[in-house]
Amino acid sequence: MEAVLISIQPKWCELITSGKKTVEVRKTKPKLGTPFKCYIYCTNGKPILGRCLKDNSLKATPKTDFDNYNKDTLFRANGKVIGEFVCNLMTSFKAMGEVQALYNEAKETCISHDEIIKYANGKRLYYWHISDLKIYDKPRELSEFSKYGFVHPVPLKRPPQSWMYVEVEG
């Protein structure tokens, strides 16, 4: 199975890890057939200090609540690879041409219909369907992942703007 590393803002990471967001919306897609693995990189936006719950979801934890939790279960998710999923289906829509289809799937994206239309700006959108979600007990460093090099894999130093191909682990 081939893989990509996908950069996702903290607010969307929280929704994905809670199971509420089951479709990621992008303007581009990899040249891969489904299924393919996606590693989730949580961007450096608004800080998420969280903890992994028993149901394997990421729980954002306000700083004021830290005293109520075991410090060993807390971590900073920003700038880390927090988990992975399998994109088992890729659907695409032309925003203005297929408005009803966009609307029907909007709930799984956690984005309003109007926001999707605005984001698309008349262009095609790709819905990456999320399955087999796994959230790591301890987030992983970006440097633990490699992109395809000319001769051999090259360790990552910077996250992708949207997504990038990476070497599959194991």
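The legends below describe close-up views of a predicted model. Local features need pLDDT of at least 70 and side-chain atom pairs pLDDT 80 or more, whereas totals for chains, interfaces and linings use all residues. Residues are numbered from 1 along each chain as its sequence is written, and side-chain values use heavy atoms, with hydrogens and water left out.

**View 1. An aromatic pair joins Phe93 and Tyr127.** (Rings of Phe, Tyr and Trp, the last by its six-membered ring, pair if their centres lie within 6.5 Å; planes under 30 degrees apart count as stacked, over 60 as edge-to-face and the rest as tilted.) Phe93 belongs to strand E7 (residues 80-94) and Tyr127 to strand E8 (residues 124-140), 34 residues apart. (Strands, E, of at least two residues, and helices, H or I, of at least four, are DSSP runs numbered from the N terminus.) Phe93 counts as buried because its relative accessibility is 7%, and Tyr127 is buried at 0%. (Buried means under 20% relative accessible area, exposed over 50%, partly exposed in between, with a 1.4 Å probe and protein chains only.)

**View 2. Ring pairs link four residues into a cluster.** The members are Phe36, Trp128, Trp163 and Tyr165. The structure holds five aromatic pairs.

**View 3. Charged side chains lie over tyrosine rings.** The charged end of Lys27 sits 4.6 Å from the ring centre of Tyr119, and Arg140 lies over the face of Tyr136 at 5.4 Å from the ring centre. (The criterion is NZ of Lys or CZ of Arg within 6 Å of the ring centre and within 35 degrees of the ring normal.)
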